[in-house]
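Look at the sequence and the model first, then read the notes below.

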Amino acid sequence: EELLTGLMPCLQAERIGVSLPSLRVGTLDAALANQIKKVRKTGFTLAPEAGSTRLRKVVNKCIEEEELIKAAEDIFTLGWHSLKLYFMIGLPTETDEDIKAITRLAKDVRDAGKRVREGLPKGRSPRVNVSVSTFIPKPFTPFQWEPQAGPGSSRSKQARLKTEARRLKLGFKWQDPLMSLLEGVFSRGDRTLADVILRAYKKGCRFDGWTELLRFDLWEEAFAEAGVSMEFYTARRRRKDETFPWDHLDPGVTKEFLYKEYERSLGLESTPDCSRDECTDCGVCDHEVIKNRLSGPGDEGVLIKNKRKPYVGSEPLRARLSFAKTGKMKYLSHLELIRAMTRAIRRAGMPVVYSQGHHPLPRLAFSQPLPVGIESLDERMDVELEGYSQAPERIANGLNTVLPGGLKVSNVRFIPLKLPSLSAIIKAQKFLIPLNDGPLGLNIDSKRIDGFVRDFLMMDSIIVRIERGDKSRDIDIRPLLDEITHPGDYTLNLTLKCVNGTSVRPDSVLARLLNLTKEEASLIPILKTRTVV
């Protein structure tokens, strides 16, 4: 609380929000929450760890339900609408009753939020999201001797929790049990796994932390070829005197202390926090050079001072920027582009106007989102500023100094706030498409291309299926086609209009024109040359 109280004057002036990681119940109070909400109401995650009081004692999280309910009431009273509760399944000595207690406790928290919100101005109903992951025993902890719950057991528990959460109208998220299994293997693994990792890499395992890219079948092949069992590292209980691969490392805490803690956990005996209670003789402190100490009120510290100079002028104005998005930057999604430009504006010290409300955001507006993989020489962006004295060319130079290579501002001009927004004035986008470049390298006769274009433009209706996620719809793109020309070489000039908020991707037009698949059309390099306003 003291740290945030000192930091918030600086952070508030810079519109920098503060968010906290998952909090142990009892560490959050109204004063702390009030500091955080000065800029925006970032999310809160409380970590009860287990649903029942008994199981929380096993993991030495001696949190009473009343404490959790009180923390939730404080959060909802201060205006937050949602709260995430983090739990683990597969903890030592876990029973069916412990699993049922997870959703029961989450419902009690949500009901407490409803009671609080009844006395406040009307708004969104409180929402509680339950996040569940499989417990993974770690080295240098009392549970390093414990087996890990297998994928089958975790899936069964997740299914029951999901059904119950749906019935109680709770949000529910979980981690893939196969990913947890791999994490468990490498958590307590030894040098034997080096061969497994290399084999999996050569088979194509990449970015396995993303569930959609996890190829567990390839990992299974790698383990089998190396003659290594996953279950050896996860499914067995270790002997008390077993030599661990990490025993040659010294974290300060002794192995004997950890095993005593393991026995105390199974006996539901809690161990006090030595920063507030008696010493537990864990081995970290020598009580001379190394000893436990907490900073308290009055301790000297260094606080960041707000060094921003007052802005010149007070009337807000709008700057309209033209910029290029080329090279590797063509792979940025629209949201990633917004983040990149927002960071550059902050680094350049531009005084951006922020929106009002509980979650203030910089007032930026962009032209139509460009599909990932397409370069552009003429993107547009509007940014509202709190009065600015610098010349437009200095703004461009300042931004180009801090932007990543491939994003470059070419023009800046100030315009009145009353002028229509970008989305209202953009009429069309022009694209240049070289058909003989790229990995596809279409080998189509020039006369055939002329025929394709002529037949295409003679159609009264051209239906294209647009797919977004698991949804699809058919649209007529003929009204969106302003111009297609074939200058005589292996290039196409394409002009696409935006009509009543509807637009179409240039590669979708290309696929329909040349009878290509969506994947083939995406391999042809496309360059946006101009935004028509």
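A polar contact is a pair of N or O atoms within 3.5 Å; within protein, one must be able to donate a hydrogen and the other to accept it, and residues adjacent in sequence count only if both atoms are side-chain atoms. The model is predicted: local features need pLDDT of at least 70, side-chain atom pairs count only at pLDDT 80 or more, and totals for chains, interfaces and linings use all residues. Residues are numbered from 1 along each chain as its sequence is written, and side-chain values use heavy atoms, with hydrogens and water left out.

**Arg380**

- The side chains of Arg380 and Ser322 make a polar contact at 3.4 Å.
- A polar atom of the Arg380 side chain also lies 3.4 Å from the backbone oxygen of Thr531.

**Helices H8 and H9**

- Helix H8 (residues 193–203) and helix H9 (residues 216–226) pack at about 135°, with axes 8 Å apart; axes are lines fitted to C-alpha atoms over the stretch in contact, and angles run from 0 to 180 degrees between N-to-C directions.
- H8 is therefore oblique to H9, as angles under 35 degrees count as roughly parallel, over 145 as roughly antiparallel, 65 to 115 as roughly perpendicular and the rest as oblique.
- Helices are DSSP runs (H or I, at least four residues), numbered from the N terminus.

Conventions. Helix = DSSP H or I, 4+ residues; strand = E, 2+ residues; numbered from the N terminus.
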